[in-house]
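Okay, thanks for coming, everyone. Let me put the structure up, and then I'll walk you through the parts I'd like us to look at.

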Amino acid sequence: MRTLCLALSGAVLLALAGLTMAEERADFAVSDFSFRDTSGETRDQSAEHAARLRAFNAILRSELSDSGAFTPVALDCGPAACSIGAQGIGALAERARRAEARYLLVGEVHKMSTLVGWVRFAVLDLDKDAPVCDRFLTYRGDTDEAWRRAAAYTVRDLGRYCRIK
């Protein structure tokens, strides 16, 4: 009987440890960030900005996945973009729930001028239907490198200031 109790106790501890480890990694859906340009520059830079936004979104997903703290969950948006601008927050949240994500990251890159850009993002807890984090960051420059640094900084900031469990 004592052996059985020890075995069951060990099994319970292993199960609890497994649950704790599973909870350390959050199932995380990442929407495509939107882009807005209010700089008023006369030269059409839409092709460059579209390419930079694609790279920004790819860096977000890659670095979040590489961090080990998040289990990436793919969103299926069909032919439309998986962004707030294309889908709306409600539709994105529903798609994330169907994909069995626990959290959804949404955001926007805003080019205010040639020198100043903003990244605004929020993390939504899909079980509670509530934001757990809402951040506003600034970055300098409108180059490929500036956007890469902004994406990497966004991931670091999310890990540092957004308490996701």
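So, a definition before anything else: when I say disulfide, I mean a pair of cysteine sulfur atoms within 2.5 Å. And keep in mind that what's on the screen is a predicted model.

With that in hand, how many disulfides does a search of the whole structure find? Two. If you number the bonded cysteines along the protein chain in sequence order, they pair up 1-2, 3-4.

Let me take Cys 133 and Cys 162. Their sulfurs sit 1.9 Å apart, S to S. Is that link left-handed or right-handed? Left-handed, with -45° about the S-S bond. Cys 133 is in strand β6 and Cys 162 is in the segment after α5, so this pair ties together parts that are 29 residues apart in sequence. Cys 133 and Cys 162 are both buried.

The other one joins Cys 77 to Cys 82, again with 1.9 Å from S to S. Here the angle about the S-S bond is 120°, and the link is right-handed. Cys 77 and Cys 82 are buried too.

Now, stay in that area and look at Gln 87. You'll find Gln 87 in helix α3, which runs over residues 84–87. Why does Gln 87 count as buried? Because its relative accessibility is 17%, and the cut-off for buried is under 20%. Setting aside residues up to four places away in sequence, Gln 87 touches both cysteines of that link, Cys 77 and Cys 82, along with Ala 80, Ala 81, Leu 92 and Arg 95. With Arg 95 there's also a polar contact, side chain to side chain, at 2.9 Å.

Okay, on to the packing. In soluble globular proteins, nonpolar side chains tend to be buried together. The largest nonpolar core here has 26 residues, and the members touching the most others are Phe 28 and Leu 158. Which elements each supply at least two residues of this core? That would be β1 (26–30), α2 (46–66), β4 (103–111), β5 (116–125), β6 (130–140) and α5 (144–161).

Zoom in on Phe 28. Leaving out neighbours within four places in sequence, its contacts include Leu 64, Phe 70, Tyr 103, Leu 105, Val 123, Ile 164 and Leu 158. Phe 28 is also in contact with Val 73.

Note on methods. Residues are numbered from 1 along each chain as its sequence is written. This is a predicted model: local features need pLDDT of at least 70, side-chain atom pairs count only at pLDDT 80 or more; totals for chains, interfaces and linings use all residues. Side-chain values use heavy atoms; hydrogens and water are left out. A nonpolar core is a set of buried Ala, Val, Leu, Ile, Met, Phe, Trp, Tyr and Cys residues joined through side-chain atoms within 4.5 Å. Buried means under 20% relative accessible area, exposed over 50%, partly exposed in between (1.4 Å probe, protein chains only). Helices (H or I, at least four residues) and strands (E, at least two) are DSSP runs, numbered from the N terminus. Contact means heavy atoms within 4.5 Å. A polar contact is a pair of N or O atoms within 3.5 Å; within protein, one must be able to donate a hydrogen and the other to accept it, and residues adjacent in sequence count only if both atoms are side-chain atoms.
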